[in-house]
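Me: I would like to learn how to read the features of a model, one at a time. Can we go through one together?

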Amino acid sequence: MHERSSVAELAESLRAELNRYSPGGKLPSSRALVERYRVSPVTVTRALAQLAAEGLVVTRPGAGVFRAEPRATPVAGDTSWQELALSADTATELVPRAVDASGVLVTLSVPPPGVIEFNGGYLHHSLQPERALAAALARAGRRPGAWGRPPTDGLPELREWFAREIGGSVTAAEVLITAGGQSAISTALRALAPPGTPVLVESPTYPGMLAVARAAGLRPVPVPGDADGVRPELLEAAFRATGARVFVCQPLFQNPTGTALAPERRREVVRIARAAGAFVVEDDFARRLVHEDAGPLPATLAAEDPDGVVVHVCSLTKPTSPSLRVGALAARGPVLERLRAIQVVDSFFVPRPLQEAALELVGAPAWHRHLRAVSQELRSRREAMTAAVALHLPEFALPRVPSGGYHLWIRLPDTLPEASLLATALRTGVAVAPGRPYFCAEPPAGHIRLSFAGVAGPTEIAEGVRRLRTAVDELAA
């Protein structure tokens, strides 16, 4: 049995037996639990640690494990005063900082048992390099100084690795290590745009970025695109109309549309921003989620930008594990100092063991094997989901089949309400991501995003699409 399943099952069994012991009563020894439940000592240790973390048991070194004393019933206070305190701030704000995190939470929440997860934003655990990560973390923990304070900008070797990955003339001195891509985007937006000002964004775009922008008091302004990415003439008009000094884009396998910015538009986007005296925040989140049949990838925008127009964001999280929150910000010129200052004030630094583990991972032979395996598997899953949608949901519009990333972007028929479909789909056993949070203005139509990376494989993909068909039929009945 998988170790995590064994730990959860043992913890549940022990939890159910706690009533047999009075508060302060001693539980059986670890050896006795090993013999009774026929599990390993490691499983027993982890299960007891879980109960201790829940406050149900207390471990006393040398004495054993005891049932914890019951906690006092919390007293409910009156928090109604906070409504006035929080709303009073908005009276003087140009853009209120109240944040709707629902678009982010829908991709982070775990559906109920038995529900197929088409709403996820990360690789299924079977696709994650768990053994390589465990080995990297173990090696990192043994490195001399691994638990000491790292340089505030990040480990030099890791900054050098990211600089090589970004390409062009980007150097390690122009790279800051961040706690994942979301943290990097937050730092970039706060550094580049003062509160109350507009920030140009692709439409549709990643809800996490919209939430970060609004939390910083910024006003997202949508710039539509087409099959070749953002439309340069509309971008130029938006800069001219709003006076914005920042444009956030995902040039490669954009989330959610899957588009790649056309070669001639790549140069145009940077030129337009430079002429407006503005920055381009390049969120390069999907470069390591390329599908096997994608062909050669274009260079990053940052690699072709000598003038410091582009602030580059990338991360190791998406192609590995949601818990390997290690990313990078790259910029050149005076803006780098501002980025560095905000990063230090916010978080001091990324924990050194995590940086050391990232270095161990990307330097191991298993890293490139993992990327090849993910590339092959994502192609296979994309083909399985595309075929299933065409077979079972022919009325759904799929504007493009992406060659990178982890999802399909589906336009719904005008007669099918997006909110109703989501609720009905969940009842039929499949969770999908709503399209509404990807738009910062009124959406042109109903959409859903279907992830094929967070499920077990093609069989589960086919079953999930069949359940979605059932939901559509229920709404039509």
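Me: In which loop is Pro-256 found?

Reply: This is a predicted model, so keep that in mind throughout. Pro-256 is found in the loop between strand E8 (246–249) and H11.

Me: What kind of peptide bond joins Asn-255 and Pro-256?

Reply: Start with the general idea: most residues other than glycine have a negative phi, and most peptide bonds are trans. Here the bond between Asn-255 and Pro-256 is cis, with omega about 20°. A cis bond also runs from Ser-203 to Pro-204, where omega is near 0°. Pro-204 is found in the loop between E5 and H9.

Me: Is Arg-38 buried or exposed?

Reply: Arg-38 is exposed, with a relative accessible area of 76%. Its phi is also positive, near 55°. Arg-38 has its place in the loop between helix H2 (30–37) and helix H3 (41–53).

Me: Where does Thr-205 lie, and what is it in contact with?

Reply: Thr-205 lies in the loop between strand E5 (198–203) and helix H9 (207–215). Its relative accessible area is 3%; buried means under 20%, so Thr-205 is buried. Leaving aside neighbours within four places in sequence, the contacts of Thr-205 are Leu-210, Gln-254, Asn-255, Pro-256 and Tyr-438. The list includes Asn-255 and Pro-256, the two residues joined by a cis peptide bond.

Me: How many residues of H9 are buried?

Reply: In H9, 7 of the 9 residues are buried, so the helix is largely enclosed by the rest of the structure. The buried ones are Pro-207, Gly-208, Met-209, Leu-210, Ala-211, Val-212 and Ala-213. Just after H9, Gly-217 takes a positive phi of about 80°.

Me: How are two packed helices described?

Reply: They are described by the angle between their axes and the distance between the axes. Take helix H10 (residues 232–242) and helix H11 (residues 263–275): their axes come within 10 Å and cross at roughly 10°. Angles under 35 degrees count as roughly parallel, and therefore H10 and H11 are roughly parallel to each other. On the H10 side, Pro-232, Leu-235, Glu-236 and Phe-239 meet residues of H11, among them Arg-265, Val-269 and Ile-272.

Me: Which residues have the most contacts inside the largest nonpolar core?

Reply: That core has 45 residues, and those with the most contacts inside it are Phe-162, Val-175, Leu-200, Phe-239, Phe-247, Val-280 and Leu-316. Helix H7 (residues 156–166) supplies the largest share of this core, 5 residues. Apart from it lies another core, of 36 residues, among them Ala-388, Leu-408, Leu-421 and Val-432. As for Val-175, not counting residues up to four places away in sequence, it touches residues including Arg-159, Phe-162, Ala-163 and Leu-329.

Me: How many aromatic pairs does the structure hold?

Reply: It holds 3. A pair of aromatic rings is described by the distance of the centres and the angle of the planes. Trp-409 and Phe-439 form a tilted pair, 6.2 Å centre to centre with 40° between the planes. This pair links distant parts of the chain, 30 residues apart: Trp-409 is in strand E12 (residues 407–411), and Phe-439 is in the loop between strand E14 (433–434) and strand E15 (447–451). Both Trp-409 and Phe-439 are buried. Ring pairs link Trp-409, Tyr-438 and Phe-439 into a cluster.

Me: Which ring does the charged end of Lys-318 sit over?

Reply: The charged end of Lys-318 sits over the ring of Tyr-122, 4.4 Å from its centre. Likewise, Arg-60 lies over the face of Phe-66, at 4.3 Å from the ring centre.

Key:
Residues are numbered from 1 along each chain as its sequence is written. This is a predicted model: local features need pLDDT of at least 70, side-chain atom pairs count only at pLDDT 80 or more; totals for chains, interfaces and linings use all residues. Side-chain values use heavy atoms; hydrogens and water are left out. A nonpolar core is a set of buried Ala, Val, Leu, Ile, Met, Phe, Trp, Tyr and Cys residues joined through side-chain atoms within 4.5 Å. Buried means under 20% relative accessible area, exposed over 50%, partly exposed in between (1.4 Å probe, protein chains only). Helices (H or I, at least four residues) and strands (E, at least two) are DSSP runs, numbered from the N terminus. Contact means heavy atoms within 4.5 Å. Rings of Phe, Tyr and Trp (its six-membered ring) pair if their centres lie within 6.5 Å; planes under 30 degrees apart count as stacked, over 60 as edge-to-face and the rest as tilted. A charge sits over a ring if NZ of Lys or CZ of Arg is within 6 Å of the ring centre and within 35 degrees of the ring normal. Axes are lines fitted to C-alpha atoms, for helices over the stretch in contact, and angles run from 0 to 180 degrees between N-to-C directions. Angles under 35 degrees count as roughly parallel, over 145 as roughly antiparallel, 65 to 115 as roughly perpendicular and the rest as oblique.
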